[in-house]
Each structure stands twice: as structure tokens, then as C-alpha cells.
Amino acid sequence: MITAAQLRAARVLLGIDQRRLAELSGLSVPTIQRMEASETMVRGNVDSLVKLIAAFDLAGIEMIDEAPSATRGAAGAAENQAGFGQGRSGRSIDNKASSRTRART
């Protein structure tokens with residue numbers, strides 16, 4: 001599961017707004033808004049959550065578990081090995097972010 005804060009952080013890492021995330025994930029803007037408005041864990045049906053995670057994965061964003069580890073530190077979202085702004089498929093993702101950073105929640 002991911003938290004609303006992780007969802008917002010991942011979107012910020014990509015430099016995209018809710019409308020663009022909705023397009024990338026195949027979800028509606030109200031669904032994205034509802035997910036981001038969740039108090040802790042993102043609320044939504046399994047299909048919507050899978051689409052959201054898949055969109056972030058293609059964009060090169062990895063959701064980090066809540067359980068801290070020696071190498072990761074804390075829950076959050078981070079760029080994965082695919083490269084910032086470019087998914088594993090090599091498809092470019094429209095983004096405004098210019099630095100390689102990690103967001104922790």
C-alpha cells in the first residue's frame with residue numbers, strides 16, 4: 001500500500017499535475033484527487049491502485065516500503081534505475097523536474 005503523501009511526492013518528483021497523472025494512469029482526475037486527499041493510506045479499488053503504480057513504474061518512480069531498512073531509510077518515493085523521466089520501456093515522460101532526488105514522507 002502507498003500513502004497519500006507518497007503519491008503526492010511521486011507526482012512532484014515527476015513534475016506533473018493531477019491531470020497529467022490521470023492521463024498517464026488511465027484514471028480520472030477526481031479519482032486522483034480522492035486518492036491524494038486520503039488521510040493516510042491511499043483509498044481506491046485494486047484496479048485503480050494497480051494502474052497508478054504501473055504509471056509511476058513506467059515513469060521511473062519506485063514506491064519505497066514503510067518499513068525502514070539500512071539502505072532505504074524511510075517510506076517515500078524514489079527514482080528507480082530506469083532513469084528520471086524515462087520509463088523502463090524507454091518511453092519519455094513529460095516532466096519538469098531537473099534534479100535526481102529522493103522524497104521521503
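Reply: Happy to, and one term comes up later, so here it is now: helix axes are lines fitted to C-alpha atoms over the stretch in contact, and angles run from 0 to 180 degrees between N-to-C directions. Keep in mind as well that this is a predicted model.

Me: Okay, what pattern does the chain follow along the sequence?

Reply: Start with the parts: the chain has four helices and three strands. Read from one end of the sequence to the other, they give the pattern α-α-α-α-β-β-β.

Me: And what share of the residues is buried?

Reply: Here a residue is called buried when its relative accessible area is under 20%. The chain has 105 residues, and the buried share of them is 41%.

Me: Let's turn to H1. How many of its residues are buried?

Reply: The list of buried residues in H1 runs Ala 4, Gln 6, Leu 7, Ala 9, Ala 10, Arg 11, Leu 13 and Leu 14. H1 is therefore mostly covered, as its 11 residues include a buried set of eight.

Me: Is Leu 13 buried or exposed?

Reply: Leu 13 belongs to helix H1. Its C-alpha atom is 8.1 Å from that of Ile 61, a residue 48 places away along the chain. With a relative accessible area of 5%, Leu 13 is buried.

Me: Arg 11 is on that H1 list too. Which residue has its backbone oxygen 3.1 Å from a polar atom of the Arg 11 side chain?

Reply: Arg 11 is in helix H1 and is buried, at 14% relative accessible area. Setting aside neighbours within four places in sequence, Arg 11 touches Ile 16, Asp 17, Gln 18, Leu 21, Glu 36 and Phe 56. The backbone oxygen at 3.1 Å is that of Ile 16.

Me: What about the spot just after H1: which residue takes a positive phi there?

Reply: The helix covers residues 4–14. Just after H1, a positive phi of about 70° is found at Gly 15.

Me: On to H3. Within what arc do its buried residues fall?

Reply: H3 spans residues 29–36, and its buried residues are Thr 31, Ile 32, Met 35 and Glu 36. Seen down the axis of H3, they line one face of the helix, because they fall within an arc of 130°.

Me: Which side chain makes a polar contact with the side chain of Thr 31?

Reply: Thr 31 sits in helix H3, and at 14% relative accessibility it counts as buried. Its side chain has a polar contact at 2.8 Å, and the partner is the side chain of Ser 28.

Me: How do H2 and H3 lie relative to each other?

Reply: Their axes come within 8 Å and cross at roughly 110°. The contact involves Gln 18, Arg 19, Leu 21, Ala 22 and Ser 25 of H2, and Val 29, Ile 32, Gln 33 and Glu 36 of H3. H2 passes H3 in a right-handed crossing. Angles of 65 to 115 degrees count as roughly perpendicular, so H2 and H3 are roughly perpendicular.

Me: And at what angle do the axes of H2 and H4 cross?

Reply: In this pair, Leu 21, Leu 24 and Ser 25 of H2 meet Lys 51, Leu 52, Ala 55 and Phe 56 of H4. The two helices are roughly perpendicular to each other. Their axes come within 8 Å, and the crossing angle is roughly 100°.

Me: Last one: how far apart in space are Leu 49 and Ile 2, C-alpha to C-alpha?

Reply: Leu 49 lies in helix H4 and is buried, with a relative accessible area of 14%. Beyond its neighbours within four places in sequence, Leu 49 is in contact with Met 1, Met 35, Val 42 and Gly 44. Leu 49 and Ile 2 are 47 residues apart in sequence, and in space the C-alpha to C-alpha distance is 8.9 Å.

Definitions and conventions: Residues numbered from 1 in each chain as written. Predicted model: local features only at pLDDT ≥ 70, side-chain atom pairs only at ≥ 80, totals over all residues. Heavy atoms only, no water. Buried < 20%, exposed > 50% of the residue type's maximum accessible area, 1.4 Å probe, protein only. Arc of directions from axis to C-beta. Contact = heavy atoms within 4.5 Å. Polar contact = N/O pair within 3.5 Å; in protein donor to acceptor, adjacent residues only side chain to side chain. Parallel < 35°, antiparallel > 145°, perpendicular 65-115°, else oblique. Left-handed = near helix turned anticlockwise from the far one by under 90°.
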